[in-house]
Amino acid sequence: MVNIIINGNTFKVNQSLTLLNAAEECGITIPSLCGIDGFHHNCDLCDVEVEHHGTVKACRTYPTEGMIVTTTSTALIQRRKHALEQILSAHNISCSVPPCQVACPADVDIQSYLYFIATNQPQKAIEVIKKTLPMPLSIGRVCPAFCEAKCQRKLVDGSIAIRQIKRYAADIDLASLHAYTPTKKSTKAQHIAIVGAGPGGLSCGYFLSNEGYNVTVFESMPQAGGWLRYGTPEYRLPKAILDQEIDIMCRNGMTIETDKKLGTDFTLSSLQHNYDAVCLAVGASLASEMNYQGTDLDGHYLGVDFLKDQMLDKHYTIGKKVAVIGGGNTAIDCARTALRLGAHTTLIYRRTRDEMPAELYEIEEAEHEGVNFLFLTNPVENIADENGHICQVKLETMALGEPDATGRCSPKATGEYVYAEFDTVIAAVSQKTDTRFLDNDTVQLPINHRNTLDTDEQTMYSGVDKIFGIGDFRRGPATAIEAIADGRKAAQAIDAQFGGNMEKLYTESFRERNVARGHLIRPDHVNKLKNVMRSLLSNSDNNATDIEAQLEHVLKQVMRNKMSELNVDDRHLSFNEVETGYSHQAAIDEAKRCLSCGCHDGNDCKLRHYATDYHVDKQLIISGLRPISA
């Protein structure tokens with residue numbers, strides 16, 4: 001053993017170890033790609049400064065008595081940055097984030113977990129997922145799947161069923177009776193308050209409790225879950241599943257207090273005084289009203305209130321002919337719910353089907369189940385019967401004009417009207433945040449003209465002492481996956497504020513983000529499929545039944561594997577879950593369709609870690625320009 005000094009501190013180390021390994025045993029990390037295929041001690045990242053010897057490679061240098069080592073200096077930082085630029089400029093380096101992950105608000109390492117499912121390692125898959133997405137049971141059922149829209153496999157024969165594979169992995173994890181929970185770090189002194197137990201608030205609390213913080217979540221409703229519970233119908237997300245997921249999230253100490261309303265049971269000022277940090281995840285669950293004649297009549301409801309009532313007291317009664325106004329996911333959920341309650345249901349939308357903001361899958365399911373659609377139509381008056389109850393709706397025909405700020409063609413009134421018989425109208429046009437909790441408080445938050453909170457995009461900090469804001473409260477009505485992404489960012493920022501070491505995400509892409517990587521797409525696979533079919537058809541030993549069975553088997557290996565669903569007849573008057581899940585083999589077959597078009601090491605890529613930490617100019621690499629020699 002010899003004594004050496006590293007960065008001013010003395011350590012006793014084994015002289016048979018390289019300086020690189022000796023420093024690691026002392027808890028000091030020296031950047032290195034040594035030992036990784038393709039580098040073999042030539043990465044130039046582990047260079048350190050040794051007194052009287054200048055700059056040396058730590059992977060080739062051995063400690064000697066009294067050696068004085070510096071692992072970080074201005075010169076070393078510049079040297080490593082230049083070395084990284086040289087490495088990343090090589091044509092055989094693929095340090096890129098796959099398009100699916102780029103599209104995911106939560107930066108889920110999709111390619112990695114698909115690999116683990118494809119190789120029958122669901123436990124490893126769920127560990128990858130929960131690094132960034134702690135609610136895969138729920139999100140695997142309700143996510144709009146932004147990832148699938150960017151999946152490169154879509155250019156061949158259809159995108160990977162990423163959302164449904166995530167759900168499969170989470171279902172397997174739940175069924176194991178030992179659902180994965182990350183190891184909790186040592187308990188910290190700070191107490192964190194989170195207001196709102198929706199997906200954003202729960203996720204923020206989950207990540208902070210894993211880091212050892214004392215987390216209390218305050219929820220105004222009787223149960224936790226937010227919009228996942230009170231705005232998502234049972235047929236999409238069974239609440240027993242949501243309950244189990246929330247229980248798993250609380251295993252590391254997060255406490256949830258329900259029936260505690262901000263502004264009524266406590267104030268923001270009191271939280272600011274009693275807690276070390278406060279995260280506002282109050283959502284946007286207040287319905288926006290439609291202002292037209294007759295909205296005060298019996299039989300007129302707001303979509304948010306209607307869905308919430310279905311999960312609570314069921315005081316709202318609907319008739320036999322229901323009109324749902326709107327084109328978003330809430331409107332679709334209202335229409336499919338009314339249908340299950342036995343009503344003849346029509347969805348009325350002022351634009352065309354192409355402009356509907358609802359998820360395409362949800363629109364198609366509504367059509368499949370029997371919801372009628374009336375496009376380019378807008379209500380202008382609810383008409384009452386002799387009892388003051390809606391019996392008719394006056395509708396105006398619309399026409400599409402020029403695109404508006406959303407990029408969609410704006411609807412224009414034509415002055416042409418029709419009358420339609422409806423006994424119930426459910427208006428589901430938008431939602432907003434209820435900010436009345438600030439009315440009698442001294443705290444001044446930066447609320448903008450959209451009634452949302454202005455925050456830093458990366459940290460979620462409001463600029464007001466101790467207060468962070470996430471999810472719909474800062475975005476306006478958005479998705480659960482976006483709220484979860486905000487929750488992790490807020491947790492990371494709160495942890496950093498107290499000197500913590502929460503795992504950092506490395507999602508910068510230092511090569512072209514696959515936009516022009518057409519060589520990864522294998523169009524010849526369709527021709528191969530046709531050849532297999534021809535071979536089967538030409539085999540005279542097979543009868544027609546055998547041929548169909550074999551063709552079905554081949555298609556499942558290549559084409560998107562559709563998840564089984566409850567048939568339409570069984571959905572009538574039933575709120576049973578529509579999607580019934582993948583079989584073990586179906587999930588593996590579907591995951592194998594992934595083209596693996598990003599870095600194979602995913603978020604664990606050391607090269608990407610170093611390139612991010614040393615602030616390599618990714619535009620220099622992506623542009624194809626060679627870095628200037630040091």
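Lining residues of a pocket are those with an atom within 4 Å of one of its grid points. In the predicted model examined here, this criterion was applied to the second largest pocket, to whose lining helix α17 gives the most, with six residues.

The volume of the second largest pocket is about 610 Å³. Its lining comprises 22 residues, of which D107, Q458, K489, L505 and T507 are the closest to the centre. Two helices, α3 (99–103) and α17 (480–497), each supply at least two residues of this lining. In terms of residue class, the lining consists of nine nonpolar, seven polar and six charged residues.

Helix packing was examined next. Two packed helices are described by the angle between their axes and the distance between the axes. Helix α4, spanning residues 110–118, packs against helix α5, spanning residues 122–129, at an angle of about 165 degrees, and the two axes lie 7 Å apart. Angles over 145 degrees count as roughly antiparallel, and α4 and α5 are therefore roughly antiparallel to each other. Their crossing is left-handed. On the α4 side the contact is formed by S112, Y113, F116 and I117, and on the α5 side by P122, K124, A125, V128 and I129. Seven of the residues in the contact of α4 with α5 are nonpolar, one is polar and one is charged.

Helix α14 (residues 329–340) takes part in two further packing arrangements, with α13 and with α15. Helix α13 (residues 303–311) packs with α14 at an angle of about 50 degrees, with an axis separation of 10 Å; α13 is therefore oblique to α14. The crossing of these two helices is left-handed. The contact involves G303, F306, L307 and Q310 from α13, together with T330, D333, C334 and T337 from α14. It is made up of three nonpolar, four polar and one charged residues.

Between α14 and helix α15 (residues 360–369), the angle is about 20 degrees and the axes are 10 Å apart. Because angles under 35 degrees count as roughly parallel, α14 is described as roughly parallel to α15. This crossing, too, is left-handed. Residues N329, I332, D333, R336, L339 and R340 of α14 meet E362, I363, E365, A366 and E369 of α15. The contact of α14 with α15 contains six charged residues, along with four nonpolar and one polar. Residue D333 of α14 takes part in the contact with α13 and also in that with α15.

Terms used
Residues are numbered from 1 along each chain as its sequence is written. This is a predicted model: local features need pLDDT of at least 70, side-chain atom pairs count only at pLDDT 80 or more; totals for chains, interfaces and linings use all residues. Side-chain values use heavy atoms; hydrogens and water are left out. Axes are lines fitted to C-alpha atoms, for helices over the stretch in contact, and angles run from 0 to 180 degrees between N-to-C directions. Helices (H or I, at least four residues) and strands (E, at least two) are DSSP runs, numbered from the N terminus. Angles under 35 degrees count as roughly parallel, over 145 as roughly antiparallel, 65 to 115 as roughly perpendicular and the rest as oblique. A crossing is left-handed if the near helix is turned anticlockwise from the far one by less than a right angle, and right-handed if clockwise. Contact means heavy atoms within 4.5 Å. Ala, Val, Leu, Ile, Met, Phe, Trp, Tyr, Cys and Pro count as nonpolar, Asp, Glu, Lys and Arg as charged, and the others, Gly among them, as polar. On a 1 Å grid over the protein atoms alone, a cavity is a set of points where a 1.4 Å probe fits but cannot get out, and a pocket is an open set with protein on both sides within 12 Å along at least five of seven lines; lining residues have an atom within 4 Å of a point. Grid points are joined across faces, edges and corners, and a volume is the space filled by probe spheres set on the points.
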